[in-house]
Amino acid sequence: MKKVQSTCNVCSLACNLDFYVENEQIVKVIPTPHYPVNKGFSCIKGISLDKQNTKFKPSPLPKIRNVKGEMQETTWEEAYDYVAKKLFEIKETYGGDSIAAISTGQLPLEEMALFSHVMRNFLRGHVDGNTRLCMATSVVAHKQSFGFDAPPYTLNDFELSDTIFLIGANPIVTHPIIWSRIRNNPNKKVIVIDPRRSETAQRSDYHYALNGKTDIYLFYGLAHILIEKDYLDHNYIEAHTENFQGFKDLVAEYTPDVVAKETGLSIESLYEMAKLIHTGERVSFWWTMGVNQGYEAVRTAQSIINLALMTGNIGRPGTGANSITGQCNAMGSRVFSNTAGLYGGGDYDNLVRRKAVCEALQITDEQLINKPTLPYNAIIEKINSGEIKALWIVSTNPRHSWTNNTTFQEALEKLELFIVQDIYDDTHTSQDAGVFFPVVSGLKKTGTYINTERRLSAMRPVLSKAEHEKTDLEVFLGVGQALGMGSLLYLWQTPEAIFELMKKCSKGMPCDITGVTYKALEGSAGIQWPFREGETLEEDERRLFEDGNYYTPSKKAKFMFDKIMDNPLPTTAQFPYILNTGRDTVGQWHTQVRSREIGVAEDAYAAQAYIYIHPELAKEKGIKENEIFEVASINGRTSRFAARITENVTVNQLYAPMHYIETNNLTPSLYDPFSKEPSYKTTPINIYKIVGEC
């Protein structure tokens, strides 16, 4: 029996697990005892990775849709040649901008980097990822406030903080490992800010159930009170920040009266929260999708950052304005995918950075793409407008997960080439593919992940590949070779070779990983960036900004703010209720295509889409528990759900798990103006009892 330490490629924590293997069978899975993220603990999803591709597993050969509309197996060489020929034809006819791809935060960074090299540098197309659906807001907020996309914390700060604010976050369900870290902290107050009485809110010391998408009012109002009471760290503001006076002038108008009216919270609650911030010695603010997925999300995230800056709660143990990432390698996709920024960070028009990346990759400036990708929403819109003709989907399920997801279905009908690459051939997206590339799961792959706290960890193959099986990396190489990239692929042949390229690209940047090696990652505690060549790793958990220096030209953090915008999609007489969405059980994950293989987890949720509704509203509409009723959205769509009646939502709000395709049939095509992240959380809806049907 052999033991392989590898990385869980589900959520953003990227826990490590020890796989015990005998005769190409996983005998048992044990959470890695010494790994600083999960410390010998795992949620049901991680401990069940041995179930991957056991119930559902496609043929290892690719498929192409024939003239009869049927998917027909072919050889890998024929599939590569077919795709390369089609891509070339489309590029020659319409240009590189007519080619696009949607990737995922679940791929190792080496595969992301290679995919972008083929699609962006060579074909001159666009590549965005499903990271856009969860973390784009935090990326932009970090860049504008800190000067770089730099989550400052270590997960150990959950155990060191005495005052923990969880904002639009429900870690009991979404990140059980985080909740275990919070529970291990004996000296903390937990404050939950969420419109819904979530599982975490039920176990908190304080729960503030504000009106949906009024959190920016709350944080501007808290800033107003902190200034009024002089609950400020004047030394930190003066030494390490800029433009505080402008922020102070802005929040002067967000008085407790104004904020109470907008949020639905009492004035007493506002002062209570401000006092909690003031009396805490180590205050930490944590947010996730409840903040990121909104029409004013970047400024909302920055309103949280501003609270940390003005009170000096950043750069010290147990403090910080901390975004919790969604996927296992979303951080890797943010800095090493060559999509919204260059490999290793930096803008495409930065000549110094371009030169450094070109030298690292041994290519010319003309061979390096010269502009950022179109964002996810623009890719879908340009397919529907006829400008994008080819789309390649990699290990994500946008027919299900994209907001107002019928628009994605409409887009598919207008494509000349639609490729789907996945470990399953029966997802909502895979079923519509013109070409399907089957790939192996992470159990058979080599690569590197960067988790939510900037920690690099090793994915190492637990099982061997069978005949005809391919990794994502091998597929990208195969298509690249069929495209005739030749010498442009010489340095990109193995995961370790690509990792060495990315190390060179990172040199001198905030995310510098030149001191990390494959050997150092294997069997290790992981290594957080930055870790530069020549440095000695003295601690396994390190935070940023301990010296008060940021990545801006002035080395000071910036107070970022704007006057609060009007809700572009308010409720109306026709759509008087609000739909909120998110995760629902620990076992569910995203679109349920992976979690369906975990029997214990699948038993915990229904096959029928369901929605939570308050007893008063259910009674008013004559809807009983588990009764199917109809929900109509302001975007013109309708879906049917089974009723789950609960007082954990407010009377005018319903909450639908995002794991059902019916949910994102209702969410709108509305995006934050800076991050272009969809506004999933506050859709105006109406509900109807179904009558006259058998």
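Me: How do the residues lining the second largest cavity divide into nonpolar, polar and charged?
Reply: In this predicted model, the second largest cavity holds about 100 Å³ of space. Its lining includes V10, K45, S48, W589, R594 and E597. By class, the lining residues divide into four nonpolar, four polar and four charged.

Me: Which element gives the most residues to the lining of the largest pocket?
Reply: The largest pocket has a volume of about 620 Å³. The elements that give it two or more lining residues are α3 (109-122), β7, α4 (136-146) and α16 (330-336). With four residues, the element that gives the most is α4.

Me: Of the residues lining the largest pocket, which lie nearest its centre?
Reply: The lining consists of 30 residues. They divide into 12 nonpolar, 12 polar and six charged. Nearest the centre lie R132, K143, T339, A340 and G341.

Me: Which are the edge strands of the open sheet of seven strands?
Reply: The strand order is β5-β4-β16-β15-β14-β6-β7, with mixed pairing. From one strand to the next the twist averages 20°. An edge strand here pairs on one side only, and this holds for β5 (71-73) and β7 (126-129).

Me: Which residue in β7 stands opposite S103?
Reply: Strands of a sheet pair through backbone hydrogen bonds, in either the parallel or the antiparallel sense. Strand β6, residues 99-103, pairs with β7 in the parallel sense over four bridges. Opposite S103 stands G129.

Me: At about what angle does helix α2 run to β16?
Reply: Helix α2 covers residues 76-94. The strands it lies across are β4 (63-65), β6, β14 (390-394), β15 (417-422) and β16 (435-438). To β16 the helix runs at about 135°.

Me: Is L250 buried or exposed?
Reply: L250 belongs to helix α11, residues 244-251. Leaving aside neighbours within four places in sequence, L250 is in contact with Y220, F561, D562 and K563. Its relative accessible area is 12%. Buried means under 20%, so L250 is buried.

Me: What distance separates the C-alpha atoms of L250 and I64?
Reply: I64 and L250 are 186 residues apart along the chain. Between their C-alpha atoms the separation is 58 Å.

Definitions and conventions
Residues are numbered from 1 along each chain as its sequence is written. This is a predicted model: local features need pLDDT of at least 70, side-chain atom pairs count only at pLDDT 80 or more; totals for chains, interfaces and linings use all residues. Side-chain values use heavy atoms; hydrogens and water are left out. Two strands pair if DSSP finds at least two bridges between them. Axes are lines fitted to C-alpha atoms, for helices over the stretch in contact, and angles run from 0 to 180 degrees between N-to-C directions. Contact means heavy atoms within 4.5 Å. On a 1 Å grid over the protein atoms alone, a cavity is a set of points where a 1.4 Å probe fits but cannot get out, and a pocket is an open set with protein on both sides within 12 Å along at least five of seven lines; lining residues have an atom within 4 Å of a point. Grid points are joined across faces, edges and corners, and a volume is the space filled by probe spheres set on the points. Ala, Val, Leu, Ile, Met, Phe, Trp, Tyr, Cys and Pro count as nonpolar, Asp, Glu, Lys and Arg as charged, and the others, Gly among them, as polar. Buried means under 20% relative accessible area, exposed over 50%, partly exposed in between (1.4 Å probe, protein chains only).
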